[in-house]
Amino acid sequence: MSDVYIVGVDMIRFGRFPDRTVPNLAAEAALLALDDAGLTIKDMQALFCGNLGQARGMIGQRMLAEIGQTGIPVTNVANACATGATAFRDGWMSIKAGVYDLVLAVGVEQMGKGLLGGGEGVSTEGVIGSGTMPAMFSHIGMEHTRMYGTTFAQFARVSVKNHWHSTMNPKSMYRKETPLQEVMAAEMIAYPNTKLMCSVNVDGSAAAVLASEKKVKQLGLMDRAVRVRASELSSNPFAERQLAMPDFSAATRLAAKNAYEQAGIGPQDINLVELHDCFATAEIVHYENLGLCADGDAGKLIDSGDTQLGGRVPVNVSGGLLSKGHPLGATGIANIYEVSTHLRGAAGERQVEGARLGLTHVVGGGPGMGSACAIHVLEKV
Amino acid sequence: MGDVSGGVPPIVPFLHRDGAKPYLGGSRCEACGHVFVGERSVCAKCAARDKMKAVRLAETGKLYVYTVVKRSFPGVAVPFVDAIVDLDDGSHLKGTLEGVEPDPDHIKFNMRVKVAYREAQPVNSGGKPYLTYYFVPA
Ligand SMILES: [Zn+2]
């Protein structure tokens, strides 16, 4: 089986674009990624398009209507917060399988402002606890507090770090430093997550061009290629409390184990990570889920500074979902863009020096739904 | 509070009545022993089929984790304590914990709680009452 490479990758600056359409946002990222590869839509053999909010809306086909209807097969993908990464992985699989040599993967989302969660029918909100995303991820943080004594300040430090990182990322929605005092004094949404510890609902899109080794060589694109060392996807294995509190850890641990195995490496070999910091509490538990530290040591890890730019394994140097923003379907490919940019040595002020191997992680789902986790390991060529 | 008359519909399908007395329905897997909230026929844990026995869930347990919700959907009164409770039969139940200060300094992991029942008007029910359950300190 051929190795698979990223030869073009880009994203739009995340923000709020209520006057644009979802296909139009997708088209912008697709053209940016094609330009990055020096290719056109006419070179693409297939399109894998991830979008959650309009999952029945044929976003891939409508995007092609804006950039060129070449008649290629389109697969529209929806998989919670792993939507974009799943589209990317589907493209990867199609090349691994030897069906195609050159494909396009796009992730896109247009979001409203405000709380996510809830649903249809009579609401149980407040009557039977809460179905909001902040409450759900606060439970996950409190579980860490219960087991290891992790403090409110340790969770808050994740936001301080990621907001600082975003000041160096021109594609981030917000680019403002938030000192610890400010993070902890911000409006409490669901203890221990304050408003500055919740990710930002924004609109956005990101895209990647994937190629087989043969094609990369034929096109002479190896100098800008990034090798996909592992692509893994998991659903939530059974977890003891899953009916009461959705579980994102078991799915992450499963995908991480398989990804390290597929890449033939361990967590100690990873130079940078873009992980799913939908809430500050989530980043803490994922340190352990991804093996960046031993179980119980995540509080110490954030305190040590090892996960900030310049540290042992910088995490979310893009600003993360907390500051860059979290357009659900686009997030998975935006993470891949970030890590690829560092591996290419093109991340400017926020460059992780000497980055050779990077990991991207997204995990999503909801109460009564289950979860989806995608992990990719990318390598400098 | 604690006032439960007949005829009011339950807010969740696993909430039942035996005459006037409400109870929570569950399922125990006779293959692996896991107790689920609600009715089911296949075990999500061990995949056993036709091993599920309908049970009434325990009405006492201890607080596993919680959060104090300060912002919720429009119309929902805040703050409230959103709790995950480990019931004494091994099942796990989410619910609102009342009878405590909605403040982390006043809530202890593992505190004993019990299940209580009442009628409540959810925000988008058009004022229609529903039968529900909640937790109180035991
Ligand atoms: Zn079983």
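## Exercises on helix α1 and chain A

Among the elements covering the buried residues of α1(A) are β1 (4-11), α2 (59-67), β4 (102-109) and β7 (204-212) of chain A. Buried means under 20% relative accessible area (1.4 Å probe, protein chains only). This is a predicted model, in which local features need pLDDT of at least 70. Residues are numbered from 1 along each chain as its sequence is written.

**Exercise 1.** Find which residues of α1(A) are buried.

*Solution.* Start with the helix itself: α1 spans residues 22-37 of chain A. Next, go along it and pick out V22(A), P23(A), L25(A), A26(A), A27(A), A29(A), A30(A), A33(A), L34(A), D36(A) and A37(A).

**Exercise 2.** Compare the reach of α1 with the span expected at 1.5 Å a residue.

*Solution.* First, take the rule: 1.5 Å times one less than the number of residues. With 16 residues, α1 of chain A has an expected span of 22 Å. From first C-alpha to last, the helix reaches 23 Å, which is close to that value.

**Exercise 3.** Work out how compact chain A is against the globule rule.

*Solution.* Begin with the parts: chain A has 12 helices and 11 strands. The radius of gyration, taken over C-alpha atoms, is set against 2.2 Å times the number of residues to the power 0.38. For 381 residues the rule gives 21 Å, and chain A comes close with 19 Å, so it is as compact as a globular protein of that length. Finally, look at the box its C-alpha atoms fill: roughly 55 × 50 × 40 Å along the principal axes.

**Exercise 4.** State what share of chain A is buried.

*Solution.* Of the 381 residues in chain A, 63% are buried.

Note on methods: Chains lettered and ligands numbered in written order. Predicted model: local features only at pLDDT ≥ 70, side-chain atom pairs only at ≥ 80, totals over all residues. Heavy atoms only, no water. Helix = DSSP H or I, 4+ residues; strand = E, 2+ residues; numbered from the N terminus. Buried < 20%, exposed > 50% of the residue type's maximum accessible area, 1.4 Å probe, protein only. Contact = heavy atoms within 4.5 Å.
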